[in-house]
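I opened this model to look up a few local features. My notes follow the order in which I checked them.

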Amino acid sequence: MTAPTQTLALNNPKIIRAWYMYDWANSVYSLVIATAIFPIYYKAVAVDGNGSDMVNFLGFTIQNSVLYSYALSFSFLVVAAMLPLLSGAADYIGNKKIFMKCFVWLGSMGCIGLFFFDDITMLGWGIFCSIVASIGYSGSLVFYDAFLPEIVTEDRYDVTSARGYSMGYYGGVLLMVICLVLIMNAQAFGLGATPGEASTLATKISFILVGLWWIGFSQIPFRVLPDNPFNKKPTGNIWTNGYKEIRSVWRSLEYQPQLKRYLFAFFFYNMGVQAVMYLATLFGTDVLHLKDQSLIAIVVIIQIVGAMGAYLFARLSRRLGNRLSLLVMIVIWIGVCISAYLITTEYQFYGLAFVVGMVMGGIQSLSRATYSKLIPQNTTDHASYFSFYDVTYNVSIVIGTFSYGFVDQITGSMRYSALALGVYFLIGFFILSTVRAKEIQAAQVR
């Protein structure tokens with residue numbers, strides 16, 4: 001698991017900027033497809049002939065919002081099953097980028113395929129493309145995240161991770177504004193004979209723009225990030241040896257109790273974080289019956305404030321340490337879940353969106369940086385180590401989004417789903433509080 005001296009110079013500004021650009025490239029999926037425009041389009045299209053939210057899918061009658069949450073859960077489960085073997089193979093051959101490229105192309109094509117999701121008769125196609133896009137997005141992240149400890153020194157993990165997330169928020173907002181200008185001025189661009197036709201076509205074109213943006217800007221990190229930073233020279237079957245790599249990393253976790261405990265805490269609180277990120281728009285439509293314009297405004301607030309929050313908590317971690325900073329954010333998240341159960345007005349939702357944005361960027365960027373500090377500093381198996389982080393990430397999303405939809409289905413209200421997420425945050429808080437802060441601090445100065 002240890003290896004020759006790393007040939008890639010750390011803290012190279014050109015390489016770091018290229019790494020940031022993948023956040024800039026992929027975040028348009030999480031904003032336009034996963035959070036904002038597509039969920040609204042999906043809710044409008046996935047209705048039966050009488051305008052009912054109850055749809056037929058694979059012989060089952062199910063509410064469209066519940067179906068969507070289940071589809072997301074399935075996509076993350078697929079990724080969780082694939083990542084360990086793929087990351088082991090990537091570490092064995094020393095080339096993470098080739099696997100990252102495959103997932104980027106897969107996700108981008110999934111986004112573009114949503115253009116053909118026209119009406120309820122194409123529901124199966126729409127769900128399929130949603131799943132493919134989600135797999136591409138989630139699958140690429142393990143290889144992208146694994147570059148962090150290979151491009152900067154430990155003292156820069158927090159701020160570099162935060163800047164990456166901030167670039168993602170900025171890039172996502174920029175493309176969403178472009179898409180909104182196109183949608184709101186669709187007839188002026190000659191996209192349809194009637195306002196409805198023009199708006200629908202413009203919305204579908206925005207899905208193509210997401211795919212092109214994602215794959216286009218990804219060429220920057222693909223061109224600059226190293227192919228084989230440790231000069232590994234593999235021989236033999238990459239899958240067999242890849243399995244041995246991941247098995248070796250798995251065994252090493254037995255001697256890293258603080259890392260395992262952190263992953264367990266992350267597993268629980270990330271259930272809540274990701275469920276909110278993916279399903280907040282559906283909460284606004286189903287519970288508060290907000291108009292599309294209000295939902296878009298709320299999403300923009302979350303993105304802009306999220307960039308600020310990532311920087312704020314990166315700076316806070318310098319004073320308080322990573323563990324205490326994360327605990328503070330989890331407490332805020334618990335308050336968010338309770339507030340979601342209680343709010344009744346649009347303006348209350350705006351205020352809640354501001355708070356969500358502040359802790360959304362902070363908890364995601366600091367979680368990634370904290371994990372980077374806890375993995376062994378002499379290892380070259382970064383993709384394998386990060387596969388455990390990303391498997392935890394994906395399985396937590398499976399449970400979070402599934403339970404959100406399940407609670408909604410059995411209670412008839414997403415308000416109870418929000419309370420259920422609060423329980424996950426509470427469990428994560430107590431587990432994280434048992435992780436020794438000095439372990440993380442020691443990782444900063446080793």
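**Ground rules.** I am working with a predicted model, in which local features need pLDDT of at least 70, side-chain atom pairs count only at pLDDT 80 or more, and totals for chains, interfaces and linings use all residues. Numbering runs from 1 along each chain as its sequence is written, and side-chain values use heavy atoms, with hydrogens and water left out.

**Asn-11.** I looked at the backbone here. Asn-11 has a positive phi of about 65°, although it is not a glycine. Asn-11 sits in the segment before helix H1 (13-33). Helices here are DSSP runs of H or I with at least four residues, strands are runs of E with at least two, and numbering starts at the N terminus.

**Ser-27.** Next I went into helix H1, where Ser-27 is found. Is Ser-27 buried or exposed? Ser-27 is buried, because its relative accessible area is 9%. The cut-offs are under 20% for buried, over 50% for exposed, and partly exposed in between, with a 1.4 Å probe and protein chains only. The Ser-27 side chain reaches the backbone oxygen of Asp-23 at 2.8 Å. I then left aside neighbours within four places in sequence and found Ser-27 in contact (heavy atoms within 4.5 Å) with Gly-168, Tyr-169 and Gly-172.

**Salt bridges.** I counted a salt bridge when a side-chain nitrogen of Lys or Arg is within 4 Å of a carboxyl oxygen of Asp or Glu. The count comes to 6 salt bridges.

- Asp-23 and Arg-368 meet through their side chains at 3.7 Å, N to O. Asp-23 lies in helix H1 and Arg-368 in helix H14 (residues 346-374), so this pair ties together parts 345 residues apart in sequence. Asp-23 and Arg-368 are both buried.
- Glu-150 and Lys-96 pair at 2.9 Å, N to O. Glu-150 is in helix H6 (residues 148-151) and Lys-96 in the loop between helix H3 (64-93) and helix H4 (97-113), so parts 54 residues apart in sequence are tied together. Glu-150 and Lys-96 are both buried.
- Asp-158 and Lys-373 also form a salt bridge, at 2.9 Å, N to O. Asp-158 in helix H7 (residues 157-184) and Lys-373 in helix H14 link distant parts of the chain, 215 residues apart. Asp-158 is buried, as is Lys-373.

Which residues do shared partners join into one network? I found Asp-23, Asp-145 and Arg-368 there.

**Helix H2.** I checked how enclosed this helix is. In H2 (residues 37-45), 8 of the 9 residues are buried, so H2 is largely enclosed by the rest of the structure. Among the buried residues are Tyr-41, Tyr-42 and Lys-43.

**Nonpolar patch.** Last, I looked at the surface. Leu-320, Leu-324, Val-328, Ile-332, Phe-354 and Val-355 form a nonpolar patch with about 430 Å² of accessible area together. Helices H13 (322-342) and H14 each give two or more residues to this patch. H13 gives the most, with 3 residues. Patch residues have over 30% relative accessible area and no salt bridge; like charges are joined within 9 Å, nonpolar side chains (Val, Leu, Ile, Met, Phe, Trp, Tyr) within 5 Å. Areas come from the Shrake-Rupley method with a 1.4 Å probe; for residues, only the protein chains shown count as cover. Val-355 lies in helix H14. Val-355 is partly exposed, because its relative accessible area is 32%.

How values were computed. Polar contact = N/O pair within 3.5 Å; in protein donor to acceptor, adjacent residues only side chain to side chain.
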